[in-house]
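Good morning, colleagues. I would ask you to keep the sequence and the model in view while I speak.

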Amino acid sequence: MTDGLSLDDWQPDRNLAMELVRATEAAAVRATPFVGRGDKNSADGAAVDAMRRFLSTVNMNGTVVIGEGEKDDAPWLYNGEQVGNGQGADCDVAVDPIDGTSLTAAGRPGALSVIAVADRGSMYDPSAVFYMDKLVCGPDGVGVVDIRKPIGENIRALAKVKGVSTSDIRVAVLDRPRHEQLIAEIREAGAGTRLLLDGDVAGGVNAARYDANIDLCVGIGGTPEGIITACAVKALGGMIQGQLKPRDDDELQKAIDAGHDLTRILEADDLVASDNTYFVATGITSAEFVDGVSRRGPFIRTDSIVMRSHSGTIRRVISDSLISRWA
């Protein structure tokens, strides 16, 4: 008994993540035939269709607040679409059937299928500004690093608390022209870089893991991806900070009209107010923390990670499914 309740009265919270993983598995499997074929749109279309079909069976009353349609002009999983079977909790849902479409098309590592879920109304609305400057790190960096500080100062502070040399610190950053100065400053501080060709979510999640080979993930990337990453960070015990970065004057005015304070530093609780977040990812091609889809005789194997912040659990799910059932 607990607090006067009998075992008959007590029911554990349903782990929604274990249902959501079927949708990311399906999206990853359907995208796999397009790996390395140079056609990212077909890969994304197949993943979107598979994820949507499986989400319709999940026990939730979900509303897509970060959707594939808004970002990639897809006809499904658009912002505002209702997903789930209409039963269960009211949820905000963020989807990225393929985080790393270019990686998938090129056959490079690091492509994931991702879903994040939180209590209804708790996810930040990213529609006004598509990009934000972000800093993500693991538990060691909480209260130590800050996006307002120069990157060199953050690197030295993190190295000190970890008890290592700055040369042991590894910083992930998207390999984009806008980051040339940032990359130079990271290297001038004595740290090494891990340049990401794509895969904004994967880079952030890897940096937030306590046992990762990345210590920080920094730079300007997608605002929607930042919110998805925040759902994982809450389960991992790490930290994320972001600051909106309008691309042009039109987007700047849109942000002002929406009432956004562009000087504000957004913390994890600003990006996702709920303390009950779910993050689910299945590897399409192998990433640092999940393997890609592979064939094992008559079976196809998927490797997934499922997280829930409320319970502080991180599970690894490896599934073998008969290939004939996917035909």
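Which residue in E8 is the bridge partner of Tyr 131? The partner is Gly 222. Before I go further, please note that this is a predicted model.

Let me place that pair in its setting. Strand E5 covers residues 131-137, and strand E8 covers residues 216-222. The two strands run antiparallel to each other and are joined by seven bridges.

E5 has a further partner, strand E9, formed by residues 239-244. Here the pairing is again antiparallel, with six bridges. Within this pairing, Cys 137 is found opposite Met 239 of E9.

Buried here denotes a relative accessible area under 20%.

I turn now to the helices. Helix H1, residues 17-31, packs with helix H2, residues 40-55, at an angle of about 155 degrees, and their axes lie 8 Å apart. Angles over 145 degrees count as roughly antiparallel, and H1 and H2 are therefore described in that way. The crossing of H1 past H2 is right-handed.

Which residues form this contact? On the H1 side they include Leu 20, Ala 23, Ala 27 and Arg 30. Those from H2 include Ala 43, Ala 47, Met 51 and Phe 54. By class, the residues of the contact between H1 and H2 comprise twelve nonpolar, one polar and two charged.

Thank you for your attention.

Technical notes:
Residues numbered from 1 in each chain as written. Predicted model: local features only at pLDDT ≥ 70, side-chain atom pairs only at ≥ 80, totals over all residues. Heavy atoms only, no water. Buried < 20%, exposed > 50% of the residue type's maximum accessible area, 1.4 Å probe, protein only. Helix = DSSP H or I, 4+ residues; strand = E, 2+ residues; numbered from the N terminus. Pairing = 2+ DSSP bridges. Axes fitted to C-alpha atoms, helices over the stretch in contact; angles between N-to-C directions. Parallel < 35°, antiparallel > 145°, perpendicular 65-115°, else oblique. Left-handed = near helix turned anticlockwise from the far one by under 90°. Contact = heavy atoms within 4.5 Å. Nonpolar A, V, L, I, M, F, W, Y, C, P; charged D, E, K, R; others polar.
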